[in-house]
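Hello,

I am handing over a structure for you to look at. My notes on what was found in it follow below.

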Amino acid sequence: MPRVSRSPALRLYGWFTRLAQPLLKRKLRKRAKAEPGYAHAVAERFGVYDPALQIRDACWVHAVSLGETRAAGILIAELRRQLPGVPILLTHGTATGREEGAKLLQDGDVQVWQPWDTPKAVAAFLDRFRPRIGVLMETEVWPELTAACAQRGIPLTLANARLSEKSLAKAERWSSLARPAYASLAAVWAQSEADAHRLVSLGAKLGGVFGNLKFDAQPDARQLVHAQALRARLPKPVVVFASSRDGEEAMLLDALRHFWTTAPSSDDFGPAAAADGNPGRPRGERARHLPRLRACDVQWLIVPRHPQRFDAVAELIAQRGFACVRRSTAEGAPEGEEIWLGDSLGEMALYYGLSEAALLGGSFAPLGGQNLIEAAACACPIVMGPSTFNFAEAAELAIGAGGALRVDDMMKAVVHALSLVADKGRCAAMSQAALGFAGSHRGAAERTAAAILALGQSVPDPEPVAMAAGSDTTAASADPSLAARTEPPLQASSSLAPEPMTEPMTEPMAEPGTVVASASKTVPPTGHAPGERAEPVFDPEAPLIVPEERRG
(Lines give C-alpha, C1' and ligand atoms only; values in the text may rest on other atoms or scores of the structure.)
Protein backbone atom coordinates (compact mmCIF):
# COMPACT_ATOMS: atom_id res chain seq x y z
CA MET A 1 0.00 0.00 0.00
CA PRO A 2 1.28 3.47 -0.78
CA ARG A 3 2.39 5.77 1.97
CA VAL A 4 0.50 9.01 2.24
CA SER A 5 2.25 12.26 3.08
CA ARG A 6 0.91 14.71 5.64
CA SER A 7 1.15 18.46 5.31
CA PRO A 8 3.21 20.41 7.84
CA ALA A 9 0.03 22.04 9.15
CA LEU A 10 -1.65 18.67 9.67
CA ARG A 11 1.43 17.25 11.40
CA LEU A 12 1.50 20.26 13.73
CA TYR A 13 -2.22 19.90 14.37
CA GLY A 14 -1.79 16.19 15.17
CA TRP A 15 1.01 17.02 17.59
CA PHE A 16 -1.23 19.58 19.31
CA THR A 17 -4.23 17.21 19.65
CA ARG A 18 -1.95 14.53 21.13
CA LEU A 19 -0.67 16.96 23.73
CA ALA A 20 -4.22 18.04 24.54
CA GLN A 21 -5.40 14.53 25.41
CA PRO A 22 -4.77 14.89 29.20
CA LEU A 23 -6.78 18.13 29.16
CA LEU A 24 -9.65 16.38 27.39
CA LYS A 25 -9.64 13.56 29.96
CA ARG A 26 -9.74 16.08 32.78
CA LYS A 27 -12.60 17.95 31.10
CA LEU A 28 -14.56 14.71 30.70
CA ARG A 29 -14.11 13.87 34.39
CA LYS A 30 -15.38 17.33 35.33
CA ARG A 31 -18.38 17.12 32.98
CA ALA A 32 -19.22 13.64 34.29
CA LYS A 33 -19.97 15.08 37.73
CA ALA A 34 -22.96 16.93 36.27
CA GLU A 35 -23.71 14.48 33.45
CA PRO A 36 -22.70 10.87 34.25
CA GLY A 37 -22.92 9.95 30.58
CA TYR A 38 -19.51 11.55 30.02
CA ALA A 39 -17.94 8.86 32.21
CA HIS A 40 -19.23 6.07 30.00
CA ALA A 41 -16.77 4.24 27.70
CA VAL A 42 -14.17 7.04 27.81
CA ALA A 43 -11.58 4.75 26.18
CA GLU A 44 -13.61 4.82 22.95
CA ARG A 45 -12.67 8.47 22.48
CA PHE A 46 -9.04 7.38 22.20
CA GLY A 47 -9.53 4.40 19.88
CA VAL A 48 -9.95 1.54 22.36
CA TYR A 49 -13.14 -0.48 21.84
CA ASP A 50 -14.99 -3.41 23.35
CA PRO A 51 -14.23 -6.47 21.19
CA ALA A 52 -17.95 -7.24 21.15
CA LEU A 53 -18.60 -4.17 18.99
CA GLN A 54 -18.58 -5.61 15.50
CA ILE A 55 -19.95 -4.04 12.32
CA ARG A 56 -18.83 -3.95 8.70
CA ASP A 57 -19.71 -1.91 5.62
CA ALA A 58 -21.93 0.34 7.69
CA CYS A 59 -23.25 3.77 6.92
CA TRP A 60 -21.44 5.81 9.58
CA VAL A 61 -23.38 8.85 10.83
CA HIS A 62 -21.72 11.36 13.16
CA ALA A 63 -24.04 13.61 15.16
CA VAL A 64 -22.11 15.55 17.75
CA SER A 65 -24.90 16.79 20.03
CA LEU A 66 -28.62 16.66 20.73
CA GLY A 67 -29.82 18.84 17.84
CA GLU A 68 -27.65 17.07 15.26
CA THR A 69 -28.75 13.68 16.62
CA ARG A 70 -32.40 14.57 16.14
CA ALA A 71 -31.65 15.60 12.56
CA ALA A 72 -29.68 12.37 12.13
CA GLY A 73 -32.71 10.41 13.35
CA ILE A 74 -34.79 11.85 10.50
CA LEU A 75 -32.08 10.91 7.99
CA ILE A 76 -31.53 7.41 9.41
CA ALA A 77 -35.26 6.67 9.25
CA GLU A 78 -35.27 7.65 5.58
CA LEU A 79 -32.14 5.57 4.90
CA ARG A 80 -33.89 2.55 6.39
CA ARG A 81 -36.97 3.25 4.28
CA GLN A 82 -34.97 3.39 1.07
CA LEU A 83 -32.69 0.48 2.00
CA PRO A 84 -34.22 -1.68 4.75
CA GLY A 85 -31.64 -3.23 7.06
CA VAL A 86 -28.80 -0.84 6.24
CA PRO A 87 -26.31 -1.16 9.14
CA ILE A 88 -25.71 2.09 11.03
CA LEU A 89 -22.56 3.10 12.91
CA LEU A 90 -23.53 6.10 15.07
CA THR A 91 -21.04 8.41 16.81
CA HIS A 92 -21.44 11.42 19.08
CA GLY A 93 -19.45 13.98 21.01
CA THR A 94 -21.84 14.87 23.86
CA ALA A 95 -23.69 12.86 26.49
CA THR A 96 -27.10 14.23 25.46
CA GLY A 97 -26.38 13.34 21.84
CA ARG A 98 -25.42 9.78 22.75
CA GLU A 99 -28.47 9.33 24.99
CA GLU A 100 -30.77 10.51 22.21
CA GLY A 101 -28.90 8.41 19.63
CA ALA A 102 -29.44 5.22 21.62
CA LYS A 103 -33.14 5.49 20.76
CA LEU A 104 -32.30 5.20 17.06
CA LEU A 105 -30.43 1.89 17.22
CA GLN A 106 -31.69 -1.38 15.81
CA ASP A 107 -30.24 -4.89 16.10
CA GLY A 108 -26.76 -4.97 14.59
CA ASP A 109 -26.14 -1.21 14.78
CA VAL A 110 -23.18 0.10 16.77
CA GLN A 111 -22.90 3.30 18.79
CA VAL A 112 -19.56 4.70 20.04
CA TRP A 113 -17.99 8.05 20.84
CA GLN A 114 -16.44 10.15 18.11
CA PRO A 115 -12.66 9.54 18.19
CA TRP A 116 -10.57 12.42 19.49
CA ASP A 117 -8.95 14.00 16.43
CA THR A 118 -5.46 12.49 16.78
CA PRO A 119 -3.86 10.30 14.09
CA LYS A 120 -3.81 7.30 16.41
CA ALA A 121 -7.42 7.48 17.64
CA VAL A 122 -8.83 8.22 14.18
CA ALA A 123 -6.83 5.39 12.58
CA ALA A 124 -7.96 2.95 15.28
CA PHE A 125 -11.59 3.94 14.72
CA LEU A 126 -11.46 3.60 10.93
CA ASP A 127 -9.41 0.42 10.93
CA ARG A 128 -11.72 -1.17 13.47
CA PHE A 129 -15.08 -0.34 11.89
CA ARG A 130 -14.14 0.35 8.25
CA PRO A 131 -17.41 2.09 7.28
CA ARG A 132 -18.66 2.04 3.72
CA ILE A 133 -19.44 5.78 3.84
CA GLY A 134 -19.30 8.51 6.46
CA VAL A 135 -21.95 11.21 7.02
CA LEU A 136 -21.07 14.19 9.22
CA MET A 137 -24.07 16.20 10.37
CA GLU A 138 -24.24 19.96 9.78
CA THR A 139 -20.87 21.43 10.84
CA GLU A 140 -18.61 18.69 12.19
CA VAL A 141 -15.50 18.85 9.98
CA TRP A 142 -12.28 17.70 11.67
CA PRO A 143 -8.88 17.93 9.88
CA GLU A 144 -7.44 14.57 10.96
CA LEU A 145 -10.66 12.68 10.40
CA THR A 146 -11.22 14.04 6.90
CA ALA A 147 -7.59 13.38 5.91
CA ALA A 148 -7.66 9.81 7.21
CA CYS A 149 -10.90 8.99 5.39
CA ALA A 150 -9.49 10.36 2.14
CA GLN A 151 -6.36 8.25 2.60
CA ARG A 152 -8.43 5.09 3.05
CA GLY A 153 -10.83 5.81 0.20
CA ILE A 154 -13.82 6.19 2.53
CA PRO A 155 -16.18 8.82 1.09
CA LEU A 156 -16.86 11.27 3.90
CA THR A 157 -19.77 13.65 3.38
CA LEU A 158 -21.38 16.61 5.14
CA ALA A 159 -25.18 16.41 5.32
CA ASN A 160 -27.62 19.14 6.31
CA ALA A 161 -24.56 21.32 5.92
CA ARG A 162 -24.50 24.89 7.18
CA LEU A 163 -21.75 27.46 7.54
CA SER A 164 -22.34 30.92 8.96
CA GLU A 165 -20.33 34.01 8.04
CA LYS A 166 -18.76 33.87 11.49
CA SER A 167 -17.67 30.25 11.02
CA LEU A 168 -16.41 31.01 7.52
CA ALA A 169 -14.22 33.82 8.86
CA LYS A 170 -12.82 31.49 11.52
CA ALA A 171 -12.13 28.78 8.95
CA GLU A 172 -10.33 31.25 6.70
CA ARG A 173 -8.06 32.23 9.60
CA TRP A 174 -7.05 28.56 9.82
CA SER A 175 -7.15 27.97 6.07
CA SER A 176 -4.10 25.67 6.04
CA LEU A 177 -6.23 23.16 7.95
CA ALA A 178 -9.76 24.10 6.95
CA ARG A 179 -9.36 24.17 3.17
CA PRO A 180 -7.79 20.70 2.86
CA ALA A 181 -10.41 19.36 5.27
CA TYR A 182 -13.36 20.69 3.27
CA ALA A 183 -11.73 19.73 -0.02
CA SER A 184 -11.31 16.14 1.26
CA LEU A 185 -15.06 15.69 1.66
CA ALA A 186 -16.62 13.57 -1.06
CA ALA A 187 -19.77 15.75 -1.12
CA VAL A 188 -21.61 18.37 0.88
CA TRP A 189 -25.38 18.82 0.77
CA ALA A 190 -26.18 22.32 1.92
CA GLN A 191 -29.23 23.64 3.70
CA SER A 192 -29.39 26.86 1.69
CA GLU A 193 -27.84 28.64 -1.26
CA ALA A 194 -25.98 30.98 1.10
CA ASP A 195 -24.52 28.02 2.99
CA ALA A 196 -23.57 26.44 -0.34
CA HIS A 197 -21.65 29.52 -1.49
CA ARG A 198 -19.70 29.69 1.77
CA LEU A 199 -18.89 25.98 1.71
CA VAL A 200 -17.74 26.09 -1.92
CA SER A 201 -15.50 29.07 -1.09
CA LEU A 202 -13.59 26.73 1.25
CA GLY A 203 -13.10 24.14 -1.50
CA ALA A 204 -16.02 21.83 -0.67
CA LYS A 205 -17.59 19.75 -3.45
CA LEU A 206 -21.25 20.77 -3.56
CA GLY A 207 -23.58 17.84 -4.16
CA GLY A 208 -26.76 19.87 -3.96
CA VAL A 209 -28.83 22.32 -1.96
CA PHE A 210 -31.35 19.99 -0.35
CA GLY A 211 -32.84 22.14 2.42
CA ASN A 212 -32.95 21.49 6.15
CA LEU A 213 -33.63 17.95 7.39
CA LYS A 214 -35.41 19.35 10.42
CA PHE A 215 -38.35 20.35 8.23
CA ASP A 216 -39.00 16.61 7.77
CA ALA A 217 -39.41 16.01 11.50
CA GLN A 218 -42.95 15.16 12.60
CA PRO A 219 -43.98 16.35 16.07
CA ASP A 220 -45.00 13.62 18.50
CA ALA A 221 -48.75 13.35 17.98
CA ARG A 222 -49.29 11.89 21.46
CA GLN A 223 -47.55 14.86 23.03
CA LEU A 224 -49.72 17.27 21.05
CA VAL A 225 -52.88 15.51 22.20
CA HIS A 226 -51.62 15.57 25.79
CA ALA A 227 -50.81 19.27 25.39
CA GLN A 228 -54.38 20.06 24.31
CA ALA A 229 -55.81 18.24 27.33
CA LEU A 230 -53.40 19.92 29.73
CA ARG A 231 -53.93 23.32 28.13
CA ALA A 232 -57.67 23.10 28.84
CA ARG A 233 -56.94 22.76 32.57
CA LEU A 234 -54.50 25.66 32.83
CA PRO A 235 -55.96 28.85 34.33
CA LYS A 236 -53.65 31.09 32.24
CA PRO A 237 -52.36 31.08 28.65
CA VAL A 238 -48.79 29.80 28.28
CA VAL A 239 -45.76 31.43 26.66
CA VAL A 240 -42.64 29.23 26.40
CA PHE A 241 -39.04 30.40 26.36
CA ALA A 242 -37.71 27.48 24.35
CA SER A 243 -34.10 26.23 24.45
CA SER A 244 -32.91 29.16 26.54
CA ARG A 245 -29.18 29.66 26.96
CA ASP A 246 -27.01 30.87 29.82
CA GLY A 247 -27.70 34.54 30.57
CA GLU A 248 -30.98 34.67 28.67
CA GLU A 249 -33.15 33.47 31.54
CA ALA A 250 -32.01 36.48 33.59
CA MET A 251 -33.03 38.76 30.70
CA LEU A 252 -36.52 37.23 30.68
CA LEU A 253 -36.97 37.41 34.45
CA ASP A 254 -35.94 41.08 34.46
CA ALA A 255 -38.41 41.84 31.67
CA LEU A 256 -41.20 39.96 33.47
CA ARG A 257 -40.55 41.88 36.66
CA HIS A 258 -40.79 45.16 34.71
CA PHE A 259 -44.20 44.27 33.25
CA TRP A 260 -45.48 42.07 36.08
CA THR A 261 -48.24 44.37 37.29
CA THR A 262 -48.21 47.05 34.56
CA ALA A 263 -49.38 46.47 30.99
CA PRO A 264 -46.98 47.74 28.30
CA SER A 265 -47.46 51.15 26.73
CA SER A 266 -47.21 52.15 23.08
CA ASP A 267 -43.60 53.21 23.59
CA ASP A 268 -42.77 49.76 25.02
CA PHE A 269 -44.20 48.06 21.93
CA GLY A 270 -41.44 49.38 19.64
CA PRO A 271 -40.72 48.29 16.07
CA ALA A 272 -40.68 44.63 15.11
CA ALA A 273 -40.97 42.52 12.02
CA ALA A 274 -44.71 42.19 11.59
CA ALA A 275 -46.48 38.99 10.72
CA ASP A 276 -46.61 40.05 7.08
CA GLY A 277 -42.83 40.64 6.96
CA ASN A 278 -42.98 44.45 7.16
CA PRO A 279 -40.22 46.04 9.26
CA GLY A 280 -42.66 47.58 11.72
CA ARG A 281 -45.96 49.37 12.23
CA PRO A 282 -46.80 53.04 12.52
CA ARG A 283 -47.68 54.29 15.96
CA GLY A 284 -51.45 54.16 15.43
CA GLU A 285 -51.25 50.61 14.12
CA ARG A 286 -49.11 49.61 17.09
CA ALA A 287 -51.68 51.03 19.47
CA ARG A 288 -54.29 48.75 17.91
CA HIS A 289 -52.14 45.73 18.85
CA LEU A 290 -51.27 46.93 22.34
CA PRO A 291 -51.63 44.10 24.83
CA ARG A 292 -54.12 44.63 27.62
CA LEU A 293 -52.38 41.90 29.59
CA ARG A 294 -49.70 42.12 32.25
CA ALA A 295 -46.93 39.58 32.60
CA CYS A 296 -48.66 38.14 35.68
CA ASP A 297 -51.66 37.22 33.48
CA VAL A 298 -49.56 34.64 31.60
CA GLN A 299 -48.05 31.32 32.67
CA TRP A 300 -44.36 31.58 31.71
CA LEU A 301 -42.58 28.34 30.85
CA ILE A 302 -38.77 28.22 30.64
CA VAL A 303 -37.11 25.22 28.93
CA PRO A 304 -33.28 25.47 29.15
CA ARG A 305 -31.34 24.13 26.17
CA HIS A 306 -28.86 22.14 28.27
CA PRO A 307 -30.07 19.73 30.99
CA GLN A 308 -27.00 20.32 33.16
CA ARG A 309 -28.33 23.85 33.74
CA PHE A 310 -31.76 22.84 35.08
CA ASP A 311 -30.78 23.24 38.74
CA ALA A 312 -28.96 26.53 38.12
CA VAL A 313 -31.99 28.00 36.33
CA ALA A 314 -34.32 26.89 39.14
CA GLU A 315 -32.03 28.60 41.63
CA LEU A 316 -31.93 31.77 39.50
CA ILE A 317 -35.74 31.88 39.35
CA ALA A 318 -35.94 31.64 43.14
CA GLN A 319 -33.25 34.30 43.57
CA ARG A 320 -35.29 36.71 41.43
CA GLY A 321 -38.27 36.24 43.71
CA PHE A 322 -40.50 34.09 41.50
CA ALA A 323 -42.28 30.95 42.63
CA CYS A 324 -41.21 28.00 40.46
CA VAL A 325 -42.58 24.55 39.79
CA ARG A 326 -40.56 21.92 37.88
CA ARG A 327 -42.05 19.67 35.24
CA SER A 328 -40.05 16.72 36.66
CA THR A 329 -41.74 16.97 40.06
CA ALA A 330 -45.20 18.21 39.07
CA GLU A 331 -46.33 16.70 35.80
CA GLY A 332 -49.75 18.29 36.00
CA ALA A 333 -50.64 21.95 35.65
CA PRO A 334 -48.91 24.55 37.87
CA GLU A 335 -51.01 25.63 40.84
CA GLY A 336 -50.25 29.29 41.35
CA GLU A 337 -46.51 29.19 40.59
CA GLU A 338 -45.36 32.07 38.46
CA ILE A 339 -42.68 30.21 36.47
CA TRP A 340 -42.91 26.68 35.12
CA LEU A 341 -39.49 25.07 34.53
CA GLY A 342 -39.45 22.52 31.71
CA ASP A 343 -36.71 20.27 33.06
CA SER A 344 -37.54 17.21 30.97
CA LEU A 345 -36.01 15.85 27.78
CA GLY A 346 -37.86 14.91 24.62
CA GLU A 347 -41.03 16.89 25.37
CA MET A 348 -40.62 19.95 23.18
CA ALA A 349 -43.73 19.07 21.17
CA LEU A 350 -45.69 19.07 24.43
CA TYR A 351 -44.28 22.45 25.43
CA TYR A 352 -44.96 24.02 22.04
CA GLY A 353 -48.44 22.48 21.91
CA LEU A 354 -49.25 24.10 25.27
CA SER A 355 -48.10 27.56 24.25
CA GLU A 356 -49.68 30.56 22.57
CA ALA A 357 -46.23 31.76 21.50
CA ALA A 358 -42.58 30.77 21.80
CA LEU A 359 -39.59 32.98 22.53
CA LEU A 360 -36.62 31.56 20.63
CA GLY A 361 -33.67 30.66 22.85
CA GLY A 362 -30.17 31.56 21.76
CA SER A 363 -31.42 34.57 19.79
CA PHE A 364 -31.38 37.15 22.57
CA ALA A 365 -27.69 36.63 23.35
CA PRO A 366 -25.17 36.63 20.44
CA LEU A 367 -25.40 32.85 20.04
CA GLY A 368 -27.07 32.44 16.65
CA GLY A 369 -30.42 31.08 17.81
CA GLN A 370 -31.80 27.58 18.28
CA ASN A 371 -33.99 25.54 15.94
CA LEU A 372 -37.26 27.34 15.22
CA ILE A 373 -38.61 24.72 12.82
CA GLU A 374 -39.95 22.44 15.55
CA ALA A 375 -42.01 25.26 17.03
CA ALA A 376 -43.43 26.08 13.59
CA ALA A 377 -44.27 22.41 12.95
CA CYS A 378 -46.29 22.48 16.18
CA ALA A 379 -48.17 25.55 14.93
CA CYS A 380 -46.63 27.79 17.59
CA PRO A 381 -45.91 31.44 16.63
CA ILE A 382 -42.29 32.46 17.18
CA VAL A 383 -40.83 35.64 18.66
CA MET A 384 -37.08 35.79 18.00
CA GLY A 385 -34.30 38.14 19.00
CA PRO A 386 -31.64 39.71 16.78
CA SER A 387 -29.17 36.77 16.70
CA THR A 388 -30.24 33.94 14.37
CA PHE A 389 -27.17 33.26 12.24
CA ASN A 390 -27.35 29.50 12.92
CA PHE A 391 -30.75 29.39 11.20
CA ALA A 392 -30.52 32.56 9.10
CA GLU A 393 -32.53 31.40 6.09
CA ALA A 394 -35.17 29.57 8.13
CA ALA A 395 -35.62 32.65 10.32
CA GLU A 396 -36.15 34.95 7.36
CA LEU A 397 -38.49 32.50 5.64
CA ALA A 398 -40.55 32.10 8.83
CA ILE A 399 -40.89 35.88 9.14
CA GLY A 400 -41.78 36.20 5.47
CA ALA A 401 -44.42 33.48 5.80
CA GLY A 402 -46.01 35.31 8.72
CA GLY A 403 -45.29 32.64 11.32
CA ALA A 404 -42.60 34.56 13.21
CA LEU A 405 -41.49 38.07 14.10
CA ARG A 406 -38.16 39.55 15.14
CA VAL A 407 -37.56 42.06 17.93
CA ASP A 408 -34.52 43.95 19.19
CA ASP A 409 -34.33 42.66 22.76
CA MET A 410 -36.03 40.66 25.48
CA MET A 411 -38.17 43.55 26.77
CA LYS A 412 -39.81 43.90 23.36
CA ALA A 413 -40.10 40.13 23.07
CA VAL A 414 -42.22 40.01 26.23
CA VAL A 415 -44.38 42.89 24.97
CA HIS A 416 -44.98 41.21 21.60
CA ALA A 417 -45.70 37.88 23.26
CA LEU A 418 -48.31 39.55 25.46
CA SER A 419 -49.75 41.18 22.36
CA LEU A 420 -50.14 37.81 20.65
CA VAL A 421 -51.78 36.26 23.69
CA ALA A 422 -54.22 39.18 23.89
CA ASP A 423 -55.11 39.15 20.18
CA LYS A 424 -56.64 35.72 19.55
CA GLY A 425 -57.29 36.35 15.87
CA ARG A 426 -53.74 37.44 15.11
CA CYS A 427 -52.33 34.57 17.18
CA ALA A 428 -54.43 32.03 15.24
CA ALA A 429 -53.32 33.52 11.92
CA MET A 430 -49.65 33.31 12.90
CA SER A 431 -50.19 29.75 14.14
CA GLN A 432 -51.53 28.68 10.75
CA ALA A 433 -48.77 30.58 8.95
CA ALA A 434 -46.10 28.85 11.06
CA LEU A 435 -47.60 25.44 10.29
CA GLY A 436 -47.76 26.21 6.58
CA PHE A 437 -44.15 27.42 6.59
CA ALA A 438 -42.96 24.20 8.22
CA GLY A 439 -44.90 22.02 5.80
CA SER A 440 -43.79 23.78 2.64
CA HIS A 441 -40.07 22.98 2.94
CA ARG A 442 -40.01 19.23 3.41
CA GLY A 443 -38.11 16.76 1.23
CA ALA A 444 -34.48 17.11 2.35
CA ALA A 445 -34.44 13.69 4.00
CA GLU A 446 -35.41 11.83 0.82
CA ARG A 447 -32.89 13.71 -1.30
CA THR A 448 -30.06 13.29 1.20
CA ALA A 449 -30.68 9.60 1.83
CA ALA A 450 -30.79 8.88 -1.90
CA ALA A 451 -27.51 10.73 -2.45
CA ILE A 452 -25.83 8.85 0.41
CA LEU A 453 -26.90 5.45 -0.91
CA ALA A 454 -25.88 6.30 -4.45
CA LEU A 455 -22.43 7.39 -3.29
CA GLY A 456 -21.97 4.56 -0.81
CA GLN A 457 -22.75 1.81 -3.27
CA SER A 458 -20.22 3.14 -5.80
CA VAL A 459 -17.05 2.65 -3.73
CA PRO A 460 -14.94 -0.50 -3.31
CA ASP A 461 -14.28 -2.08 0.07
CA PRO A 462 -12.31 0.47 2.16
CA GLU A 463 -8.80 -0.61 3.08
CA PRO A 464 -6.40 0.78 5.70
CA VAL A 465 -3.62 3.03 4.38
CA ALA A 466 -0.08 3.10 5.75
CA MET A 467 0.68 6.51 7.19
CA ALA A 468 3.75 8.58 6.48
CA ALA A 469 6.65 8.99 8.88
CA GLY A 470 5.72 11.12 11.85
CA SER A 471 2.25 9.62 12.20
CA ASP A 472 1.19 7.90 15.39
CA THR A 473 0.08 4.71 13.73
CA THR A 474 0.06 2.52 10.62
CA ALA A 475 -2.37 0.05 9.18
CA ALA A 476 -0.66 -2.65 11.21
CA SER A 477 -2.10 -1.13 14.37
CA ALA A 478 -5.58 -2.28 13.42
CA ASP A 479 -7.16 -5.24 15.21
CA PRO A 480 -5.72 -8.24 13.31
CA SER A 481 -8.94 -10.16 13.74
CA LEU A 482 -10.68 -7.48 11.71
CA ALA A 483 -8.01 -6.92 9.08
CA ALA A 484 -9.79 -8.90 6.36
CA ARG A 485 -13.34 -9.79 5.48
CA THR A 486 -14.16 -13.38 6.42
CA GLU A 487 -17.37 -13.63 4.44
CA PRO A 488 -18.17 -12.68 0.86
CA PRO A 489 -20.20 -9.48 0.44
CA LEU A 490 -23.95 -9.76 0.45
CA GLN A 491 -25.65 -7.74 -2.26
CA ALA A 492 -28.90 -5.91 -1.72
CA SER A 493 -31.86 -7.73 -3.16
CA SER A 494 -33.18 -6.36 -6.42
CA SER A 495 -36.56 -6.06 -4.69
CA LEU A 496 -35.08 -3.18 -2.71
CA ALA A 497 -34.38 -1.15 -5.84
CA PRO A 498 -36.67 1.90 -6.10
CA GLU A 499 -37.58 3.54 -9.38
CA PRO A 500 -34.82 5.81 -10.75
CA MET A 501 -35.08 9.55 -10.25
CA THR A 502 -36.06 11.71 -13.19
CA GLU A 503 -33.50 14.36 -12.21
CA PRO A 504 -29.84 14.08 -11.26
CA MET A 505 -28.99 14.03 -7.56
CA THR A 506 -27.01 17.24 -7.77
CA GLU A 507 -30.06 19.34 -8.62
CA PRO A 508 -31.10 21.74 -5.83
CA MET A 509 -34.27 21.38 -3.82
CA ALA A 510 -37.51 22.98 -4.91
CA GLU A 511 -37.76 26.72 -4.56
CA PRO A 512 -38.85 27.92 -1.11
CA GLY A 513 -42.58 28.36 -0.89
CA THR A 514 -43.56 25.15 -2.69
CA VAL A 515 -46.47 23.84 -0.61
CA VAL A 516 -46.17 20.17 0.22
CA ALA A 517 -48.51 20.00 3.23
CA SER A 518 -51.68 21.90 3.82
CA ALA A 519 -51.55 24.80 6.27
CA SER A 520 -55.23 24.41 7.08
CA LYS A 521 -54.75 21.61 9.59
CA THR A 522 -54.68 22.54 13.23
CA VAL A 523 -52.55 19.51 14.14
CA PRO A 524 -49.41 18.86 12.06
CA PRO A 525 -49.81 15.88 9.72
CA THR A 526 -47.95 12.64 10.26
CA GLY A 527 -46.08 10.54 7.73
CA HIS A 528 -44.68 11.74 4.43
CA ALA A 529 -46.10 14.81 2.74
CA PRO A 530 -48.32 14.17 -0.28
CA GLY A 531 -46.97 14.52 -3.75
CA GLU A 532 -44.48 12.75 -5.96
CA ARG A 533 -41.55 11.24 -4.08
CA ALA A 534 -37.93 11.76 -5.08
CA GLU A 535 -36.44 8.27 -5.31
CA PRO A 536 -32.75 7.35 -5.42
CA VAL A 537 -30.79 5.94 -8.30
CA PHE A 538 -30.07 2.43 -7.02
CA ASP A 539 -28.01 -0.32 -8.61
CA PRO A 540 -29.01 -3.71 -7.13
CA GLU A 541 -25.63 -5.17 -8.12
CA ALA A 542 -23.66 -2.60 -6.11
CA PRO A 543 -21.83 -3.86 -3.00
CA LEU A 544 -23.60 -1.88 -0.26
CA ILE A 545 -23.79 -4.65 2.32
CA VAL A 546 -27.03 -5.59 4.05
CA PRO A 547 -26.66 -8.66 6.31
CA GLU A 548 -29.30 -11.23 5.47
CA GLU A 549 -30.78 -11.35 8.97
CA ARG A 550 -31.43 -7.58 8.85
CA ARG A 551 -33.34 -7.43 5.60
CA GLY A 552 -36.92 -6.18 5.90
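**What was found**

Leu19 counts as exposed, because its relative accessibility is 52% and exposed means over 50%. Please keep in mind that this is a predicted model. Leu19 sits in helix 1, residues 8–19. Together with Leu12, Trp15 and Phe16, Leu19 makes a nonpolar surface patch of about 470 Å².

**The whole protein**

Now the overall figures. The protein has 552 residues, and 57% of them are buried. Its secondary structure comes to 20 helices and 14 strands. Take the contacts between residues at least 6 apart in sequence: 73% of them join residues at least 24 apart.

Start with strand 2, residues 88–92. Is strand 2 largely enclosed or open? Five of its five residues are buried, so the rest of the structure largely encloses it. Its side chains go two ways. Ile88, Leu90 and His92 point one way, while Leu89 and Thr91 point the other way. All of these are buried.

Strand 2 pairs with strand 1, residues 59–62. The two run parallel and are joined by four bridges. Within this pairing, His62 has Thr91 of strand 2 as its bridge partner. Strand 2 also pairs with strand 3, residues 110–113. Again there are four bridges, and these strands run parallel. Here His92 stands opposite Trp113 of strand 3.

How does the chain get from strand 2 to strand 3? The chain crosses through helix 4, residues 95–101, in a right-handed β-α-β crossover. Strand 1, helix 3 (residues 66–82) and strand 2 also make a β-α-β unit, and this unit is right-handed.

**Two buried residues**

Next, look at Glu138. Glu138 is in the loop between strand 4 (133–137) and helix 6 (143–152). Is Glu138 buried or exposed? Glu138 counts as buried, because its relative accessibility is 1% and the cut-off for buried is under 20%. Its contacts, leaving aside neighbours within four places in sequence, include Glu68, Ala71, Arg162, Gln191 and Lys214. Leu158, Ala159, Asn160 and Ala161 are also among them. Glu138 and Val64 are 74 residues apart in sequence. In space, their C-alpha atoms are 9.4 Å apart.

Then there is Ser243, in strand 8, residues 238–244. Ser243 also counts as buried, at 15% relative accessibility. Which residues does Ser243 touch, beyond its neighbours within four places in sequence? Ser243 is in contact with Val303, Pro304, Arg305, Gly361, Gly362 and Gln370.

**Salt bridges**

The structure holds 25 salt bridges. Here are some to look up.

Glu356 forms a salt bridge with Arg231, and the closest N and O atoms are 2.5 Å apart. Glu356 lies in strand 12 (residues 355–360) and Arg231 in helix 10 (residues 221–233), so the pair ties together parts that are 125 residues apart in sequence. Glu356 is buried, with a relative accessible area of 13%. Arg231 counts as partly exposed, at 27% relative accessibility.

Arg309 forms a salt bridge with Glu249. The closest N and O atoms are 2.8 Å apart. This pair links distant parts of the chain, 60 residues apart. Arg309 is in the loop between strand 9 (299–304) and helix 14 (310–319), and Glu249 is in helix 11 (residues 248–258). Both Arg309 and Glu249 are buried.

Arg326 forms a salt bridge with Asp311, with the closest N and O atoms 3.0 Å apart. Arg326 lies in strand 10 (residues 324–326) and Asp311 in helix 14, so this pair ties together parts that are 15 residues apart in sequence. Arg326 is partly exposed, with a relative accessible area of 22%. Asp311 is exposed, with a relative accessible area of 53%.

Best wishes

Notes
Residues are numbered from 1 along each chain as its sequence is written. This is a predicted model: local features need pLDDT of at least 70, side-chain atom pairs count only at pLDDT 80 or more; totals for chains, interfaces and linings use all residues. Side-chain values use heavy atoms; hydrogens and water are left out. Patches are made of residues with over 30% relative accessible area and no salt bridge: like charges are joined within 9 Å, nonpolar side chains (Val, Leu, Ile, Met, Phe, Trp, Tyr) within 5 Å. Accessible areas come from the Shrake-Rupley method with a 1.4 Å probe; for residues, only the protein chains shown count as cover. A salt bridge is a side-chain nitrogen of Lys or Arg within 4 Å of a carboxyl oxygen of Asp or Glu. Buried means under 20% relative accessible area, exposed over 50%, partly exposed in between (1.4 Å probe, protein chains only). Two strands pair if DSSP finds at least two bridges between them. A crossover is right-handed if, with the strands pointing away from the viewer, the path from the first strand over the helix to the second runs clockwise. Contact means heavy atoms within 4.5 Å.
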